[in-house]
Amino acid sequence: MPLSIAKSWIPSARHHPDFPLQNLPLGIFDTGGSAPRCGVAIGDHIFDLQAAAGFFEGEALRAVQATANGQLNRFFELGAGPRQALRQRLVQLLEEHSPWRAELQALGTQVLPLAANCQMHLPARINDYTDFYVGIEHAQNVGKLLRPDNPLLPNYKYVPIGYHGRASTIRPSSTPVRRPNGQTLPPGQSAPVFGPCQRLDFELELGIWIGQGNTLGEPITIGQAGEHLGGFCLLNDWSARDIQAWEYQPLGPFLSKSFMTSISPWVVTAEALAPFRVAQPKRPTGDPQPLGYLLDAQDQAAGALDIELEVLLSTEAMRHQQLPAQRLSLSSTRHMYWTVAQLVAHHSINGCQLQAGDLFGSGTLSGPAAGQFGSLLEITDGGKKAITLASGEVRRFLEDGDEVILRARCAREGFASIGFGECRGIVVSAFEWGR
Ligand code: CA
């Protein structure tokens with residue numbers, strides 16, 4: 001049976017919205033106090049790779065062994081071969097007619113604990129984090145707020161814009177987000193005030209894990225870029241808009257971003273996303289062609305991703321009233337002006353060394369229409385138009401107790417749908433001075 005329609009013997013994996021047999025994302029988990037270890041999400045369970053190591057051999061076993069220290073860096077460094085061997089073996093073990101089914105079932109929660117009983121960790125030690133700005137609709141929407149006549153700066157269509165982010169403050173989903181304190185310039189004033197951020201926002205982004213790194217001074221060509229991708233996740237680039245507005249000139253974001261970045265804990269592989277690759281949208285007439293080092297026919301033909309992205313908000317009052325989280329946005333990775341391979345090629349073209357476990361953010365991925373915006377800055381038009389929630393509450397920016405939930409889904413006729421799992425974070429009150 002082709003993998004596209006195969007099923008697992010694990011009942012909850014059948015028609016699971018995120019983790020059917022076709023996904024098999026990797027993550028790092030513990031079962032309450034145990035050492036963090038690597039597992040694969042399957043239905044409502046996690047397949048514990050260390051506990052099941054005896055079921056692997058050859059390249060697949062190499063992949064399992066590379067995760068033995070509870071981090072995916074060494075696994076990322078192995079590249080695509082062992083990762084694909086691991087995937088093939090996982091399908092054999094977990095598919096409906098697996099000869100190993102009874103043996104694995106007998107081991108029960110030893111190899112297949114319930115995900116609900118596990119704690120997720122960061123997948124890897126992240127040495128470096130770069131946040132790009134490739135969501136062109138977002139760049140235009142934000143540009144319009146600042147420069148109504150000239151929203152995109154002249155470099156945008158030539159350079160995949162990015163900045164060096166803070167790796168030490170990246171946290172897995174469900175870690176609370178403390179509202180930052182900082183300097184902000186009140187409207188009409190010439191000197192700043194200090195205090196908690198009043199314009200706290202989220203940014204809906206795709207996270208990109210780097211697999212094999214490169215040698216310092218030796219760029220990764222665009223044709224090779226795919227081999228250097230470790231996988232994908234969701235990323236919320238929490239943003240303090242008032243701090244950002246005061247600090248960003250002339251060098252870009254600093255403390256308005258570095259207080260926290262949240263990611264979904266599961267690494268979705270290139271193999272799982274293969275059915276959801278699409279052509280990069282044609283550039284509108286008048287846009288320049290990418291420079292040669294960013295242009296590859298194969299990448300243009302099939303280097304974009306078709307992933308549906310969703311943002312939901314749940315306030316403390318909504319949870320109290322048992323109201324469901326409310327959708328704020330439905331967008332897509334189709335709004336990326338540059339492909340993931342172009343980001344890798346650009347990042348390393350100057351000889352910069354990328355390392356296994358580095359993380360990229362795509363930049364906020366908004367669509368062109370209302371209901372498709374990936375930040376409150378865009379949804380509320382810079383805080384000018386409040387939104388009213390099902391609870392009757394209004395929001396311009398995030399309040400303490402608000403929880404932001406990012407989700408992602410891939411669907412295509414004839415293929416099992418897969419998802420990324422969630423990237424959540426609840427805003428908690430700012431650090432209080434003198435306490
Ligand atoms: Ca961002």
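Q: What makes up the area that domain 1 and domain 2 bury between them?
A: The two domains bury about 2100 Å², and 60% of it lies on carbon and sulfur atoms. In domain 1, the residues losing the most area to domain 2 are Phe76, Arg83 and Met120, together 31% of what that side buries. Buried area here is the accessible area (1.4 Å probe) that two parts lose on being put together, summed over both. The model is predicted: local features need pLDDT of at least 70, side-chain atom pairs count only at pLDDT 80 or more, and totals for chains, interfaces and linings use all residues. Residues are numbered from 1 along each chain as its sequence is written, and side-chain values use heavy atoms, with hydrogens and water left out.

Q: Where are domain 1 and domain 2 in the chain?
A: Domain 1 spans 3–120 and domain 2 spans 129–428. These bounds come from an automatic or database domain assignment. The domain centres, taken over C-alpha atoms, are 29 Å apart.

Q: How many residues of domain 1 and domain 2 are in contact?
A: 26 residues of domain 1 meet 27 residues of domain 2. Contact means heavy atoms within 4.5 Å.

Q: What makes the pair arginine 83 and glutamate 271 a salt bridge?
A: Their closest N and O atoms are 2.8 Å apart. The rule asks for a side-chain nitrogen of Lys or Arg within 4 Å of a carboxyl oxygen of Asp or Glu, so the pair qualifies. Between domain 1 and domain 2 the count is one salt bridge.

Q: How many residue pairs are in polar contact across the interface of domain 1 and domain 2?
A: The rule finds 10 residue pairs, both residues at pLDDT 80 or more. On the side of domain 1 that touches domain 2, strands E1 (26–30) and E2 (37–42) and helices H2 (73–78) and H3 (80–94) each supply at least two residues. H2 gives the largest share of that side, four residues. Helices (H or I, at least four residues) and strands (E, at least two) are DSSP runs, numbered from the N terminus. A polar contact is a pair of N or O atoms within 3.5 Å; within protein, one must be able to donate a hydrogen and the other to accept it, and residues adjacent in sequence count only if both atoms are side-chain atoms.

Q: Why is serine 391 called buried?
A: Its relative accessible area is 18%. Buried means under 20%, exposed over 50%, partly exposed in between (1.4 Å probe, protein chains only), so serine 391 is buried. Serine 391 sits in the loop between strands E21 (387–388) and E22 (394–395). Its side chain makes a polar contact of 2.6 Å with that of glutamate 393.

Q: What makes Asp131, Glu203, Glu205 and Asp237 donors of the calcium ion?
A: Their OD and OE atoms lie 2.2 to 2.3 Å from the calcium ion. Donors are N, O and S atoms within 2.8 Å of the metal (3.2 Å for Na, K and Ca), so these atoms count. Water is not among the atoms, so sites may look incomplete. Along the chain the donors follow D-x71-E-x1-E-x31-D.

Q: Are glutamate 203 and glutamate 205 buried or exposed?
A: Glutamate 203 is buried, at 5% relative accessibility. Glutamate 205 is buried too, at 0%.
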